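Dear colleague,

I am handing over the structure we spoke of, with my notes set out below it. Please read them alongside the coordinates.

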Amino acid sequence: MNCIIVIAHPDRKSFENTKLIKTLKMRYTKDGHTVNIVDLYLDDYNPSSFVGDLSNINDNAFAKSYRHLIKTSNHIWIISPTRWLSMSPLVEGFIDQVFISGFAFKDGRGLLGDRKLGVVLTSTSPNKVRWKTLDIMWVRLKLMVFPQIFKFKNIKVYQIWNVKKSSNLELNKHLLKINQIVNNFLK
């Protein structure tokens, strides 16, 4: 089985780039699964670079190679920090250019729905902000975008709040929960 992890976090020393990716990769490789990591920052992916030449906005080399990895993966993980109730612009651009009509959906039918999708969102905001945001990212991704447009059936959206001020113990508890999600995906 193949797994793809897509991440867009600029800080190489961040929790996301160090512990979170390592935890996911270790969990899958432990059972002999192949893991491909797509780091949108390391790839120098810039979804805006295709503006002005709409003829290839969805068929640029990045989008084609990412689509191949998605198509050959059983599990898809997206890791993104949140800013202003949105994911990283790189992840938003990735979704916009990779999950296109004819690849992810067509005529109201999902074409990738047999895959399992995990989305981990991180925020530097404290957990008390959660009620003010009405968990809009969770609602947007878990209830609208991925199941309604792309027809994914098995989606888990997990948010980690206050990531920079969380203790190692708190962060490790999040990693254990993410491991549990992977265990459920593998059943």
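Contact, as used here, means heavy atoms within 4.5 Å. The model is a predicted one, in which local features need pLDDT of at least 70 and side-chain atom pairs count only at pLDDT 80 or more, while totals for chains, interfaces and linings use all residues. Residues are numbered from 1 along each chain as its sequence is written, and side-chain values use heavy atoms, with hydrogens and water left out.

Let me begin with His75, which lies in strand S3 (residues 75-83); helices (H or I, at least four residues) and strands (E, at least two) are DSSP runs, numbered from the N terminus. Apart from neighbours within four places in sequence, His75 is in contact with Met1, Asn2, Cys3, Ile4, Tyr28, Lys116, Phe185 and Leu186. His75 counts as buried because its relative accessibility is 3%, where buried means under 20% relative accessible area, exposed over 50% and partly exposed in between (1.4 Å probe, protein chains only). The side chains of His75 and Tyr28 are joined by a polar contact of 2.7 Å, that is, a pair of N or O atoms within 3.5 Å, of which, within protein, one must be able to donate a hydrogen and the other to accept it, residues adjacent in sequence counting only if both atoms are side-chain atoms.

Asn74 sits in the loop between helix H2 (61-71) and S3, and at 34% relative accessibility Asn74 counts as partly exposed. Not counting residues up to four places away in sequence, Asn74 touches Met1, Asn2, Arg115 and Lys116.

Tyr28 is also among the buried residues of H1, which include Glu16, Asn17, Leu20 and Arg27 as well; what covers them includes strand S1 (2-7), strand S2 (34-39), S3, S7 and H6. H5 is another matter, since a straight helix of 14 residues would span 20 Å, whereas H5 spans only 17 Å between its end C-alpha atoms. The buried residues of H5 are Met137, Leu141, Val145, Phe146 and Pro147, and just after H5, Lys151 takes a positive phi of about 65°.

Turning to the pockets, the search used a 1 Å grid over the protein atoms alone, a pocket being an open set of points where a 1.4 Å probe fits, with protein on both sides within 12 Å along at least five of seven lines, and lining residues having an atom within 4 Å of a point. Grid points are joined across faces, edges and corners, and a volume is the space filled by probe spheres set on the points.

The largest pocket has a volume of about 450 Å³. Its lining comprises 28 residues, and Thr82, Arg83, Thr122, Ser123 and Thr124 lie nearest its centre. Helix H1 (16-30), S3 and helix H5 (136-149) are the elements that each give two or more residues to this lining.

The second largest pocket, with a volume of about 260 Å³, is lined by 15 residues, of which Asn127, Arg130, Gln159, Trp161 and His174 lie nearest the centre. Strand S8 (154-160) and helix H6 (168-186) are the elements that give two or more residues to this second lining, and S8 provides the largest share, 5 residues.

With best regards

Note on methods. The expected span of a helix is 1.5 Å times one less than its number of residues.
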